Amino acid sequence: NHGQSLAYAARRHGIRCVIVVPRGNSADKNDAMRAFGAELVEHGRDFDEARVHAAQLAQGERLRFVGPFEPELVAGVGTYALELFRAVGKIDTVYAPIGCGSGICGLISARDALGMSTEIVGVVSAGANAYAQSFVARKLVATASADTFADGMAVRVPVPAALDVIWKGAARIVEVSDGEVEDAIRAYFSDTHQVAEGAGDAPLAALLKEGDQAGRRAAIILTGGNIDRAV
């Protein structure tokens, strides 16, 4: 989503856009970014290695590095949170996936700005749980791997600025397995004919995992439709 949005904006303004993705990245996502005019560079075994290379590439070629937690990005993502809270009214809980944290931090910021008491629950993959470990430890914890097919949540190193917001504003972080995410993918497709990628399905998986919500009003963020046909 981040790569496609940058490529789209760059094309609109007639400027160069270079996107770095890890080797083995989703073929459909790569095709979509190229279709918007991005120069695609494949580097590293995962998102974090690609991110480091992107920063080095930007410095070497005098490009503006646009990371996954720019203030403008968080503010932009936060607009959907404002729409949600204004449209639906009282919500007891919102479940949101955590990649690098822009989505959940946008939700927390919008909730606080509106003076609401809604609890915000983060969702991560059990195989890429750096944010969950950091949330409990109250310090940044990086993991050695991010082993999940939900590539939108496959992050080994949390963003410190995101953690500061999450520590203060999130109620908890739920870990979901790939199997639970797969069940959510099937449920969305069968019940609502929505097609979403792994990270987008994770909030539904967390809601189902936490069980009975009788008497409570919950919202789940379905974000990201970039799932390969084979998956």
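Of the 231 residues in the protein chain, 48% are buried, a proportion that refers here to a predicted model. The protein chain contains 9 helices and 6 strands. Its radius of gyration is 17 Å, close to the 17 Å that the globule rule gives for 231 residues, so the chain is as compact as a globular protein of that length. Taken along the principal axes, the box filled by the C-alpha atoms of the protein chain has dimensions of roughly 55 × 40 × 35 Å. When contacts between residues at least 6 apart in sequence are considered, 68% of them join residues at least 24 apart.

An open sheet of 4 strands is present in the model, with the order E5-E4-E3-E6 and with parallel pairing. The edge strands of this sheet are E5, which covers residues 170-176, and E6, which covers residues 218-220, and each of the two pairs on one side only. On average, and with direction ignored, neighbouring strands of the sheet are turned by 25 degrees against each other. Strands of a sheet pair through backbone hydrogen bonds, in either a parallel or an antiparallel manner.

Helix H5, comprising residues 102-114, lies across E4, E5 and strand E3 (93-97), and runs at about 180 degrees to E4. Helix H7, comprising residues 160-169, packs on the sheet and touches E4 and E5, its direction making about 110 degrees with that of E5.

A further element considered in detail is helix H3, which has 14 residues and extends over residues 47-60. At 1.5 Å a residue, H3 should span 20 Å, and this agrees with the separation of its end C-alpha atoms, which are 20 Å apart. The buried residues of H3 are Asp48, Ala50, His53, Ala54, Leu57 and Ala58, and the packing partners of these buried residues are strand E1, at residues 18-21, and strand E2, at residues 39-42.

The N-terminal end of H3 is capped by aspartate 46, a side-chain oxygen of which lies 3.3 Å from the backbone nitrogen of aspartate 48. Aspartate 46 itself is located in the loop between E2 and H3. With a relative accessible area of 8%, aspartate 46 is under the 20% limit and therefore counts as buried. A polar atom of the aspartate 46 side chain also lies 3.1 Å from the backbone nitrogen of glutamate 49. When neighbours within four places in sequence are left aside, aspartate 46 is in contact with Pro22 and Arg156.

Glycine 60 is likewise found in helix H3, but its relative accessibility of 62% is over the 50% limit, so this residue counts as exposed. The C-alpha atom of glycine 60 is separated by 24 Å from that of glutamate 72, although the two residues are 12 residues apart along the chain. Helix H3 is followed by arginine 62, for which phi is positive, near 55 degrees.

Technical notes:
Residues are numbered from 1 along each chain as its sequence is written. This is a predicted model: local features need pLDDT of at least 70, side-chain atom pairs count only at pLDDT 80 or more; totals for chains, interfaces and linings use all residues. Side-chain values use heavy atoms; hydrogens and water are left out. The expected span of a helix is 1.5 Å times one less than its number of residues. Buried means under 20% relative accessible area, exposed over 50%, partly exposed in between (1.4 Å probe, protein chains only). Contact means heavy atoms within 4.5 Å. A polar contact is a pair of N or O atoms within 3.5 Å; within protein, one must be able to donate a hydrogen and the other to accept it, and residues adjacent in sequence count only if both atoms are side-chain atoms. Two strands pair if DSSP finds at least two bridges between them. Axes are lines fitted to C-alpha atoms, for helices over the stretch in contact, and angles run from 0 to 180 degrees between N-to-C directions. The radius of gyration is taken over C-alpha atoms; the globule rule is 2.2 Å times the number of residues to the power 0.38.
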